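This report is for a reader who is meeting the structure for the first time. Please keep the sequence and the model in view while reading.

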Amino acid sequence: DLHAIETGEHDRLNDEYPRELKQLTNNINALLDHEQSRRQRYKNSLADLAHSLKTPLSVFRGELANNHELENLKKTGYEQLDRISTLVDYQLQRASTEGKSSLLAPVSVGEIIHKIIGSLDKVYKNKNIHAQCEIERDAYIHADEGDMYELLGNLLENAYKYGKQEVHVIATSSGNMVKIRVEDDGAGIPTRAESYIIKRGHRIDTQAEGQGIGLAIVSDIIMAYEGNIHLERGRLGGASFIVELPRI
């Protein structure tokens with residue numbers, strides 16, 4: 001069976017092994033599924049990156065050929081280079097997402113949240129944001145720590161950025177799921193934009209510059225971990241993002 005996998009004849013081990021080997025074969029299959037999923041994400045991200053770069057490069061090339069005013073050329077050039085840099089960063093993050101795997105060690109959601117809030121309190125010191133956390137002790141997820149920092153960091157930074165004075169974070173666990181709610185007291189998000197902002201598979205290069213890049217990363221990570229995210233009006237009056245992730 002392993003030789004058949006190496007030669008590409010099979011993708012996984014079959015299910016006909018004796019009970020004593022079941023745990024081993026299940027772990028091998030989980031590892032194979034995980035690696036196959038990562039390879040597919042790399043392929044998709046590289047294809048999307050190539051597509052995303054075509055427009056800014058075309059604009060830049062056109063300006064170089066037709067624009068004889070140096071200042072306008074410099075302005076357009078810097079805008080397009082910034083756009084290219086943003087797209088590259090996004091696609092690299094998307095490609096490097098680990099994704100769901102029972103072989104990953106458990107990470108503490110609460111510990112990550114507290115560290116991120118500690119950093120954001122310094123960055124947004126002038127806003128005097130009050131962050132209130134309600135986190136269950138057993139809110140653990142088998143996940144890549146970097147993915148969780150990226151996911152929770154983007155949600156919390158949005159709350160600090162658009163909130164006025166209050167940010168609430170609630171993390172609970174129930175059965176095989178961990179539920180995380182991040183809400184602020186800002187102006188909220190217009191109803192017409194709610195589904196658009198967290199729409200899975202929405203191409204980052206079709207969004208307005210600087211809009212939704214962090215949330216696009218959040219959606220991609222949640223999709224890789226087979227979780228869910230939705231947006232609603234929070235109790236504080238602003239946006240409330242609810243994320244549900246499987247513990248294993």
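## Terms and basis

A residue is called buried when its relative accessible area is under 20%, exposed when that area is over 50%, and partly exposed in between, with a 1.4 Å probe and protein chains only. The model is predicted, so local features need a pLDDT of at least 70 and side-chain atom pairs count only at pLDDT 80 or more, while totals for chains, interfaces and linings use all residues. Residues are numbered from 1 along each chain as its sequence is written, and side-chain values use heavy atoms, with hydrogens and water left out.

## The chain as a whole

The chain has seven helices and seven strands, where helices (H or I, at least four residues) and strands (E, at least two) are DSSP runs numbered from the N terminus. Read from the N terminus, the order of these elements is α-α-α-β-α-β-β-α-β-β-α-α-β-β. Of its 248 residues, 41% count as buried. Contact here means heavy atoms within 4.5 Å, and among contacts between residues at least 6 apart in sequence, 71% join residues at least 24 apart.

The pLDDT, which is the predictor's confidence in each residue from 0 to 100, has a mean of 80 in the chain, and 81% of the residues reach 70 or more. Over residues 200-211 the pLDDT is below 50, and this stretch has 28 contacts in the model beyond near neighbours in sequence.

Strands pair if DSSP finds at least two bridges between them; strand S6 (residues 228-233) and strand S7 (residues 239-246) do so in the antiparallel sense, over six bridges. One of the residues involved is Ile229, whose bridge partner in S7 is Val243. Five residues lie between the two strands of this hairpin, and Gly237 takes a positive phi near 100 degrees there.

## Two buried polar residues

Glu183 is placed in strand S5 (residues 177-184) and counts as buried because its relative accessibility is 1%. Its side chain is joined to that of Arg235 by a polar contact of 3.4 Å, a term for a pair of N or O atoms within 3.5 Å; within protein, one must be able to donate a hydrogen and the other to accept it, and residues adjacent in sequence count only if both atoms are side-chain atoms. Leaving aside neighbours within four places in sequence, the contacts of Glu183 include His168, Gly234, Arg235 and Leu236.

Ser173, in strand S4 (residues 166-174), is likewise buried, because its relative accessibility is 16%. A polar contact of 3.1 Å joins the side chains of Ser173 and Asp138. Not counting residues up to four places away in sequence, Ser173 also touches others, among them Glu136, Val178 and Arg247.

## An aromatic pair

Rings of Phe, Tyr and Trp (its six-membered ring) pair if their centres lie within 6.5 Å, and planes under 30 degrees apart count as stacked, over 60 as edge-to-face and the rest as tilted. By this rule there is one aromatic pair. The rings of Tyr124 and Tyr160 have centres 5.9 Å apart and planes at 45 degrees, so the pair is tilted. Because Tyr124 lies in the loop between helix H4 (109-123) and strand S2 (130-135) and Tyr160 in helix H5 (residues 145-162), the pair ties together parts that are 36 residues apart in sequence. Both Tyr124 and Tyr160 are buried.
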